[in-house]
Amino acid sequence: MNYNKKTVKDVDVKGKKVLLRCDFNVPMAKDGSGVITDDKRIRAALPTIQYLLDQGAAVIACSHMGKPKGEVKPELSLKPVAVRLGELLGREIVMAADVVGPDAQAKAAALQPGQVLLLENTRFEKGETKNDPELAKAMAAMAEVYVSDAFGAVHRAHASTAGVADYLPAVSGFLIQKELDFIGGALANPKRPLVAILGGSKVSSKIGVINNLLEIANTIIIGGGMAYTFSAAQGGTVGDSLLEEDWKDYSLEMLQKAKDKGVKLLLPVDTVIADAFAPDAKSQVVKAGEIPDGWQGLDIGPETVKLYCDAVADAGTVIWNGPMGVFEFPAFAKGTEAVAEALSRTSAITIIGGGDSAAAVQQLGYADKMTHISTGGGASLEFMEGKELPGVACLLDK
Ligand code: ADP
Ligand code: MG
């Protein structure tokens with residue numbers, strides 16, 4: 001996939017109507033009060049919106065929220081987003097009652113440069129997730145340029161994330177541009193040595209990432225729950241640890257592939273085990289592959305921490321996906337924290353992908369020490385898998 005895409009800076013938007021795909025899929029209070037519990041994604045969209053307004057564009061913003069499955073669901077209306085966006089931008093947002101219906105059309109037609117219109121939840125339209133060309137055409141007809149800044153949705157080929165680009169000149173906003181520069185840059189042309197740290201819960205959810213990074217990285221570090229499948233495959237005992245029997249053979253293949261390719265692959269040498277999956281479980285440290293019955297591994301051990309921190313010390317680039325342990329329990333967050341700390345001390349380009357990994361780094365207080373934390377969980381995973389992202393592929397090449 002070509003990551004070198006035109007951006008908002010490469011098109012003239014003065015006096016034009018710009019359809020801007022945002023990721024306003026923000027968490028809402030469960031009580032139906034319409035209170036946004038975290039407005040990070042709205043804030044993240046501000047630089048691109050402000051830039052477009054400063055350039056004299058009229059902005060028609062759109063986004064999905066939740067999974068209304070083509071039905072109009074009042075609790076998934078973007079109205080609260082319009083209010084919050086208006087507060088943050090310090091200007092009134094025009095809210096449409098529909099996506100491409102009469103209200104949206106009339107408001108889009110009347111929109112003036114410097115104004116912002118927000119369309120209703122794109123998934124209120126049945127055609128959105130089917131990438132229906134009629135819906136894409138109707139959305140495109142309201143604007144003259146398409147700007148995509150919804151990185152969290154670029155792995156989906158939907159009408160508002162990809163389809164519209166068939167009918168309008170399509171470029172990226174600043175958020176997507178940053179993701180392409182950092183993740184794309186690290187995959188296509190990394191400063192070496194490239195170290196990939198892979199963890200999280202399951203081997204089966206990371207096959208694509210392991211496969212792809214084995215082609216690119218100099219060193220691969222395995223931690224988290226998936227390490228136990230590797231351990232069991234090599235004949236270790238893993239007690240009640242997370243184990244995917246069906247993926248043991250695959251693990252061995254990966255070890256062989258690493259050997260064949262000259263990639264250094266590191267596995268835990270010790271592990272912190274617990275007598276239950278609980279924050280206050282009894283715990284002790286044992287050698288990897290020697291976990292007694294009734295115990296389960298919930299974090300990497302201190303020797304492993306040393307080994308892994310040494311391995312990233314002289315890296316040029318580190319790509320990290322997947323926590324080293326159950327970081328949600330403070331007693332088992334030490335491995336993840338130590339790795340985050342080691343990354344904060346390196347001069348390497350450090351890139352964090354994956355929803356839980358980003359949350360872990362944030363929760364542990366290392367977010368501002370990383371070069372780049374991806375804003376898209378699923379999208380960043382598919383990116384690291386080397387998959388083509390429809391919402392990126394559809395943008396104009398530079
Ligand atoms: P990401 O979202 O960054 O791709 P994953 O979803 O693959 O990461 O994995 C995150 C989850 O893995 C966390 O909730 C964490 O608690 C869990 N995890 C990590 N290590 C273990 C372990 N040893 N046993 C069980 N779960 C684990
Ligand atoms: Mg996850």
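User: In this predicted model, in which loop is Lys69 found?

Analyst: Lys69 has a phi near 55°, a positive value in a residue other than glycine. Most residues other than glycine have a negative phi. As for its place in the chain of this predicted model, Lys69 is found in the loop between strand 2 (58-62) and helix 2.

User: Which peptide bond is cis, with omega near 0°?

Analyst: Most peptide bonds are trans. The proline concerned, Pro193, has its place in the loop between helix 5 (174-188) and strand 7 (194-198). The cis bond, with omega near 0°, is the one from Arg192 to Pro193.

User: How many nonpolar residues has the contact of helix 1 with helix 2?

Analyst: On the side of helix 1, the residues are Ile42, Arg43, Leu46, Ile49 and Gln50, and these meet Val81, Arg84, Leu85, Leu88 and Leu89 in helix 2. By class, this contact of helix 1 with helix 2 has two charged residues and one polar residue, while the number of nonpolar residues is seven.

User: Why is helix 9 roughly parallel to helix 10?

Analyst: Helix 9 (residues 302-313) and helix 10 (residues 334-345) pack with their axes 9 Å apart. Angles under 35 degrees count as roughly parallel. Helix 9 is roughly parallel to helix 10 because of the angle at which they pack, and that angle is about 20°.

User: How many charged residues are in the contact of helix 9 with helix 10?

Analyst: Helix 9 passes helix 10 in a right-handed crossing, and the contact is made by Val305, Cys309 and Val312 of helix 9 together with Gly335, Ala338, Ala342 and Leu343 of helix 10. The residues of this contact divide into six nonpolar and one polar, and the number of charged residues is none.

User: What distance separates a polar side-chain atom of Asn321 from an oxygen atom of ligand 1?

Analyst: There are 19 residues around ligand 1, and those that come nearest are Lys206, Gly297, Glu328, Asp356 and Ser357. An N or O atom in the side chain of Glu328 is 2.5 Å from an oxygen atom of ligand 1, and a polar side-chain atom of Ser357 also lies 2.5 Å from an oxygen atom of the ligand. For Asn321, the distance from a polar side-chain atom to an oxygen atom of ligand 1 is 3.0 Å.

Definitions and conventions: Residues numbered from 1 in each chain as written. Chains lettered and ligands numbered in written order. Predicted model: local features only at pLDDT ≥ 70, side-chain atom pairs only at ≥ 80, totals over all residues. Heavy atoms only, no water. Contact = heavy atoms within 4.5 Å. Helix = DSSP H or I, 4+ residues; strand = E, 2+ residues; numbered from the N terminus. Nonpolar A, V, L, I, M, F, W, Y, C, P; charged D, E, K, R; others polar. Near = heavy atom within 4 Å. Polar contact = N/O pair within 3.5 Å; in protein donor to acceptor, adjacent residues only side chain to side chain. Axes fitted to C-alpha atoms, helices over the stretch in contact; angles between N-to-C directions. Parallel < 35°, antiparallel > 145°, perpendicular 65-115°, else oblique. Left-handed = near helix turned anticlockwise from the far one by under 90°.
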